[in-house]
Amino acid sequence: MSPKEICVLGAGVVGLTTAIRVQEAYPTGTRVTIVAAELHTDPMSIRYTSLWAGANHMSFADGDATQTKLDKETFDVLWEMSAPGSESEECFLRITHRTYSSKEALPHPLTWMPDHRILKGADLDALPGSLSGEEYSTLTIDTPKYLAYLSNRFRRNGGTFIKARVHHVRDIIEGGYGLYTPDLVDRPHPSAVIVCAGLGARSLGGVEDQAMYPVRGQTLVIRAPWVKFGRSMELAGTSPTYIIPRRNGDIVVGGTMHANDYYPVPRPEISEDILRRGFELAPELAPPGTENPTIDSVRPLIRYEGCGLRPARKGGIRFEVEWVTEIAGRGDEKVPLVHQYGHASYGYQSSCGSSTIALELLSEALDLRKSLASAEGA
Ligand SMILES: Cc1cc2nc3c(=O)[nH]c(=O)nc-3n(C[C@H](O)[C@H](O)[C@H](O)COP(=O)(O)OP(=O)(O)OC[C@H]3O[C@@H](n4cnc5c(N)ncnc54)[C@H](O)[C@@H]3O)c2cc1C
């Protein structure tokens, strides 16, 4: 029995993670092709969010049971991937992260994180204005390295990339991969399409989800290999501020959260504000031994600044199957679209849990377990 042809539309962290998940769940039952307009190897751009993320695992599930489940599952997978000696260890840095807040008490402390403790007394005095806080072990992700790792793993599993912009989901279902590359003109047309287009889902024909909107985030990347801890603060009247150290010695300093702002390049006044807030949160960003450090001690360490559009969605991530029918040239056949987009600020930290749900929807839609069992029995 020939394998099912699965098309994953999108090559951000969500598309890559899900493509691998499908390959590894059904190694003989599926063949996976990723079609994406932007890849992680392209120059960083506003059209591809995954290269702009910090990133760390710091759940914002805020008491939401479904999101907590996705984040926890992902944490367990990434923690294992970051273990000393693992093949992906270099993509991660395990750290202690501390969060400060101006609320009297944290509404949903992350008690499920390793080594969790609530900050009290002198711990809080360290940051004026903070009234509560917590500390726990977590990991940070060197996002360019991690995306490269996922891409290589996908290729190693037999996956193919096609770099192309899809204007309407029907195009690929009706015309197949040959529409985009003559090399694959003989490959059977997809049996299913998993839509991992991030913010692109707002304009992609056949999806055009108007619940999608951008939440713009601007950051600075600073060279400070001596900083090996994470820290964040949410104090009344200011944007959330954070520092995320990467294994390679870069520190991502943020941030901003501006809904419906599409501005594609960094704004200088925001970079200046991030530098000020970042230094206030972590004076340790200044080189060790600096006398009377100020933000000017940190300024020469800036490697680059940037901004990305978090793919947010009213109502949260869309997990849903929609059937495409009346496909020219395919008789009565109907093809499932598995929607999996809208990961906002948590695309990395929920990626593995999210791929479990997408895989489940795909398996049900195509009856993959049954067709695999009958192929094995044959
Ligand atoms: C400043 C900042 C900090 C962040 N920090 C964190 C963090 O610490 N932890 C965390 O978990 N998350 C973080 N995020 C969020 C995270 O980056 C996103 O949730 C995640 O990258 C979304 O991934 P995605 O794959 O859905 O989208 P993207 O990475 O944008 O990928 C979308 C893909 O779809 C393709 N595509 C779209 N439309 C089409 C089309 N019509 N045809 C073909 N291809 C198409 C694109 O080319 C691309 O390949 C942060 C984001 C920002 C901006």
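**An open sheet and its salt bridges**

Good morning. Six strands, in the order E6-E2-E1-E7-E15-E14, form an open sheet with mixed pairing. Strands here are DSSP runs of E with at least two residues, and helices are runs of H or I with at least four, numbered from the N terminus; two strands pair if DSSP finds at least two bridges between them. Strand E6 (160–163) and strand E14 (318–324) each have a single partner strand, so one side of each lacks a neighbour in the sheet.

This is a predicted model, in which local features need pLDDT of at least 70 and side-chain atom pairs count only at pLDDT 80 or more, while totals for chains, interfaces and linings use all residues. Residues are numbered from 1 along each chain as its sequence is written, and side-chain values use heavy atoms, with hydrogens and water left out.

Within the sheet, strand E7 (residues 192–195) pairs with strand E15 (residues 335–341) in the parallel sense over three bridges. Val-195 has His-339 in E15 as its bridge partner.

I turn now to the salt bridges. The structure holds 24 of them, each defined as a side-chain nitrogen of Lys or Arg within 4 Å of a carboxyl oxygen of Asp or Glu. One joins Glu-38 to Arg-165, with the closest N and O atoms 2.8 Å apart. Glu-38 lies in the loop between E2 and helix H2 (65–81), and Arg-165 in the loop between E6 and helix H5 (169–175), 127 residues apart. Glu-38 counts as buried at 16% relative accessibility, whereas Arg-165, at 38%, is partly exposed. Buried means under 20% relative accessible area, exposed over 50%, and partly exposed in between (1.4 Å probe, protein chains only).
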